[in-house]
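Thanks for asking me to look this one over. Here are my notes, point by point, to read alongside the model.

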Amino acid sequence: MSNLIQRLEITAHPQLEKSLGYRGDSRWVAWRWEPDIDQLISSDGKTVGTGNNMAWLVFLQHDLVDPALQEYNLGEGDRYWLLLDTATRNLYVGEGKTVQSLLEQPESLALLACLDGGNADRQTAETWQQTLSQLTATPVVSHLTKAIPFGIAAALIGALGIGTGLWVVPAVQQKLAEKTAFISPISSTANCGIDGSEDFSAYIGSSSGNKELHLIGVYEANADHKNRNYLSKSAIEIKVERRNKPIILALSAYEPVQWNITTEPGAVIEKIIVNGYHNQTVSGVSGIPIEEYSYEETGNYIGDFIYKWDATAESSNTSSLGTKLEQINRTSLTSFQGCYRGTSFTIK
């Protein structure tokens, strides 16, 4: 098994996805806890929805599940996600970036299922049925059902495989709407601009902290390297419209680039980081700390000069640019935009 994602030595109960509030029909579905809104979230690569918080708690605290998942802290953090193959009933756990990437690439999931097929050393669905039936007798569930109104207790019973209702109060729905708003920092019209390389690539991550980290990466801004005015013409326009939280803006290029930045009223850039092999310059802003890491100017650089997102590489390579930026700033990467040759980008 890849060290990017681990298959658990337990097999999912036939009603697990329904128990956790998923009503879709995709073969693969993942769950994660969103601490900002105290809500279980499900995703199948096409849709995102709320899950059943109480059923999630019951699931994680069960004697068969807790030993396998305890180290991943699935009940409090969003770093790791639980992934289910509804066809084989295999359960996996992996970092959010990896699981999200898999959900967006069905061929990778098909390979994963193929590699893990035929393992007979699994707990049977009948055993799960028996243990799940015994679950309501455990102290934690007994305590929970006594501490909540009858209507919610009935919803909990439904979540354990009997009912089909989704237990989500309006306040949570509103919080979810606010939360999901953050996952669209990239303009629908985003491209690499005139004379760009037309190979736009993007990644959208999470925003669970008190600030956001946005990365824009290119190889170059101008293809005419022989022109004496190359640097003056090698400009990229960056427009920052985002007002959700203070932003750390990271800009990366191999060739020299003049980064021209404009901000909309209300947008706050806390810091700008530039990473390059050749000299990088920034204009259009004042009073904002700028940290430059360019080999030509400073003798070092942070990481590779990525212009196309590769979630697998970012997850597995501790020296990669995205990983290094997260470590330096102690903030998860909120978004990436890039292409080989770019001229304009917007953080919406």
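**Notes on the model**

1. Let me start with Glu 270, which at 34% relative accessibility counts as partly exposed; here buried means under 20% relative accessible area, exposed over 50%, and partly exposed in between (1.4 Å probe, protein chains only). The side chain of Glu 270 meets that of Lys 211 in a salt bridge of 2.9 Å, N to O, a salt bridge being a side-chain nitrogen of Lys or Arg within 4 Å of a carboxyl oxygen of Asp or Glu. The pair links distant parts of the chain, with Glu 270 in strand S12 and Lys 211 in the loop between strand S7 (201–204) and S8, 59 residues apart. Helices (H or I, at least four residues) and strands (E, at least two) are DSSP runs, numbered from the N terminus.

2. A word on the basis: this is a predicted model, in which local features need pLDDT of at least 70 and side-chain atom pairs count only at pLDDT 80 or more, while totals for chains, interfaces and linings use all residues. Residues are numbered from 1 along each chain as its sequence is written, and side-chain values use heavy atoms, with hydrogens and water left out.

3. Next, please look at strand S10 (residues 247–253), where 7 of the 7 residues are buried. Ile 247, Leu 249, Leu 251 and Ala 253 point one way, and Ile 248, Ala 250 and Ser 252 the other way. In a regular strand the side chains alternate between the two faces of the sheet.

4. Which strands pair with S10? Strand S8 (residues 212–220) pairs with S10 in the parallel sense over 7 bridges, and 7 bridges also join S10 to strand S12 (residues 269–276), again running parallel. Two strands pair if DSSP finds at least two bridges between them.

5. Now the aromatic rings, where the count comes to 14 pairs. Rings of Phe, Tyr and Trp (its six-membered ring) pair if their centres lie within 6.5 Å; planes under 30 degrees apart count as stacked, over 60 as edge-to-face and the rest as tilted. Trp 28 and Tyr 92 form a tilted pair, 6.0 Å centre to centre with 40° between the planes. Trp 28 sits in strand S2 (residues 28–34) and Tyr 92 in strand S6 (residues 90–95), 64 residues apart, and both are buried.

6. Asp 85 touches Trp 28 and Tyr 92, among others including Arg 27; contact means heavy atoms within 4.5 Å. Asp 85 counts as buried, at 0% relative accessibility, and a polar contact of 2.7 Å joins its side chain to that of Arg 27. A polar contact is a pair of N or O atoms within 3.5 Å; within protein, one must be able to donate a hydrogen and the other to accept it, and residues adjacent in sequence count only if both atoms are side-chain atoms.

7. Finally, back to the salt bridges, of which the whole structure has 12. Arg 89 forms one with Glu 17, the closest N and O atoms being 2.7 Å apart. Arg 89 lies in the loop between S5 and S6 and Glu 17 in helix H1 (residues 16–19), so the pair ties together parts that are 72 residues apart in sequence. Both Arg 89 and Glu 17 are buried.

How values were computed. Lists of a residue's contacts leave out its neighbours within four places in sequence.
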